[in-house]
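Biologist: I'm new to this one. Could you walk me through how to read it, a feature at a time?

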Amino acid sequence: MEHLRTLKPLFTSRHWSAVGYIQARFRCNSIDGVRLSDRRESIKTRISSGPSFQDFIKGAAVKKTHVPQGDDKHPYLSEEVVAGLSRKVYFETYGCQMNVNDTEIAWSILQKKGYQRTVDLKQADVVLLVTCSIREKAEQTIWNRLQQLTAMKKKRLKSQTPMKIGILGCMAERLKTDLLEKEKLVDVLAGPDAYRDLPRLLTVAGQGQQASNVLLSLEETYADIMPVHHTPHGFSAFVSIMRGCDNMCSYCIVPFTRGRERSRPVSSILEEVRKLSDQAMKEVTLLGQNVNSYRDTSEEQFCGSDPTKMSRGFKTVYRSKQGGLRFSDLLDSVSLIDPDMRIRFTSPHPKDFPDEVLQLIAERRNICNQIHLPAQSGSTQVLTAMRRGYSREAYLDLVHNIKRIIPDVSLSSDFISGFCGETEQDHQQTLSLIREVGYNIGFLFAYSMRAKTHASHRLQDDVPAEVKQRRLEECINLFREEAAKVNAALIGSTQLILVEGESKRSSRDLCGRTDGNMKVIFPKEDGESVGAGDYALVKIVSANSQSLRGEVVCRSSLGGTGTHQATPLTLSSS
């Protein structure tokens, strides 16, 4: 930590003086009339009442009653010192939806300290980049952006407040030394668990020093912080329910940048969802690195001995966890808050889909029949090297079970091409899995080895770059072919969509998404009474691999039982 120039909290305790007594050497049986044995007993008493080993491990894995978080004050800095004084903050968010939620949390913290938010970079006093480290390309994008911002910072007029540049999130934790010492492009670094410390860090940076806090926590979930939701459509929001990951897949950097799994108390999640419902939000997405591994043990009555249920044929690298309110319990409670609010969740792991989760999705109208099921590979050999905890056969059995319980389910997936040791036969097995399952949405990437991961220590990145790229292109092409078939099967059906607003490609069209998360485009004149945030029934008339086209039938809703409640539209005469 000697590389990090930060203000460090000072803390004292009357118990620390015991250390001096331990180091002293006594050569007689009494000192100043006090017997040595009595003095030793006094020392033992003082040590026993001093800090224990657990005091040095934040979030030690012991059963405990939940203590509300929120002690983000700094006793050695006055409130006036850490106040934002109306300084303007500009955010740029890269990567996954968790980073979107992190931006909302960081802004909530800074807003309370008196900062203002701006969407104009030229007006910004503070520029914060919320970053991703999942792949090398993502990091390179940030490096390029930092060069641009540094040039802008140097051109800033001396009469203006000096611009401060900060890196938040995964890249801050992973590349702290490079960012602060080698390149010297940033003033502030804050890891995913250090956003409460942002006001102090910015205060330090305001004095001309670099400031950093990238410590990971075993218990930080920001449960007491209500994010300030800035959604592009104004009627959908992300709600973080857990942070970190324990899966330790051999290719993945997430456990090293975001730490161990910890779940937010169910009470705080339900409170946030209720507030979103009161704000007329129509869609909520529950977020987590392994969202369906959710396990709330914040209260004593939750801590039973029942082992965690998993998908049949799946295993983990860690011992089975016991007790706690599970994802099915949370999903059940969230879905009951507002029957006219769609519920989604991402990103799950295939191992955490026991039948009770699938049956709940099938039963509840407002839980979307769309499941993201990351396969990563279709080869058991590669899956073993990835430490995914399942075989090709187990994955396919899960797919069949999902389709049995939720017949109209839409499936999406992640795939990595060119992982360590992947052969041509392995690649062909991945292609055959894509054909067999029939996904409608996919996220496909060439493998990028990350430092600290199991693969970087134990495996060889031995697939040539050009082979990775060729295999990736073959997977993408096949994925599009299969997605086109899946979507074509919807032609002639009537789909309930949530209207997002005007289409990006044409001002004459509106767009929205189906329950299965497919984009639907329809003519604006067909829906004069339909606007952003409305539900509408749309008849699908054509399809391709990426979207559907349709015609509005009527406005609708999720409420009620049986068929969708519908309101006929008065269509334009033109």
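This is a predicted model: local features need pLDDT of at least 70, side-chain atom pairs count only at pLDDT 80 or more; totals for chains, interfaces and linings use all residues.

Biologist: Let's begin with the open sheet of 6 strands. What order do its strands have?

Modeller: Reading across, the order is β4-β3-β5-β6-β7-β8, and the pairing is parallel. The edges are β4 (116-117) and β8 (211-213), each of which pairs on one side only.

Biologist: How many bridges join β3 to β4?

Modeller: There are 2 bridges between β4 and strand β3, residues 88-93, and the two run parallel. If you want to find one in the viewer, look for K88, whose bridge partner in β4 is Q116.

Biologist: And which strands does helix α8 touch?

Modeller: Helix α8 (residues 198-206) packs on the sheet and touches β5 (126-131), β6 (164-169), β7 (188-190) and β8. Its direction makes about 165 degrees with that of β7.

Biologist: Now helices against helices. How are two packed helices described?

Modeller: By two things: the angle between their axes and the distance between the axes. Here, take helix α12 (residues 355-363) and helix α14 (residues 392-405): they pack at an angle of about 35 degrees, with axes 9 Å apart. The crossing of α12 and α14 is right-handed.

Biologist: Which residues of α12 and α14 make the contact?

Modeller: On α12, look for D355, L358, Q359 and A362; on α14, N401, I402, R404 and I405. By type, the residues of this contact divide into 4 nonpolar, 2 polar and 2 charged.

Biologist: What about single residues? Is E500 buried or exposed?

Modeller: For that you check the relative accessible area, and under 20% means buried. E500 counts as buried because its value is 17%. You'll find E500 in strand β19, residues 494-502, and its side chain makes a polar contact with the side chain of R513, at 3.2 Å.

Biologist: And R458: why does that one count as exposed?

Modeller: The cut-off for exposed is over 50%, and R458 is exposed because its relative accessibility is 64%. R458 belongs to helix α16, residues 454-458. Its C-alpha atom is separated by 9.9 Å from that of A385, although R458 and A385 are 73 residues apart along the chain.

Technical notes: Residues are numbered from 1 along each chain as its sequence is written. Side-chain values use heavy atoms; hydrogens and water are left out. Two strands pair if DSSP finds at least two bridges between them. Helices (H or I, at least four residues) and strands (E, at least two) are DSSP runs, numbered from the N terminus. Contact means heavy atoms within 4.5 Å. Axes are lines fitted to C-alpha atoms, for helices over the stretch in contact, and angles run from 0 to 180 degrees between N-to-C directions. Buried means under 20% relative accessible area, exposed over 50%, partly exposed in between (1.4 Å probe, protein chains only). A polar contact is a pair of N or O atoms within 3.5 Å; within protein, one must be able to donate a hydrogen and the other to accept it, and residues adjacent in sequence count only if both atoms are side-chain atoms. A crossing is left-handed if the near helix is turned anticlockwise from the far one by less than a right angle, and right-handed if clockwise. Ala, Val, Leu, Ile, Met, Phe, Trp, Tyr, Cys and Pro count as nonpolar, Asp, Glu, Lys and Arg as charged, and the others, Gly among them, as polar.
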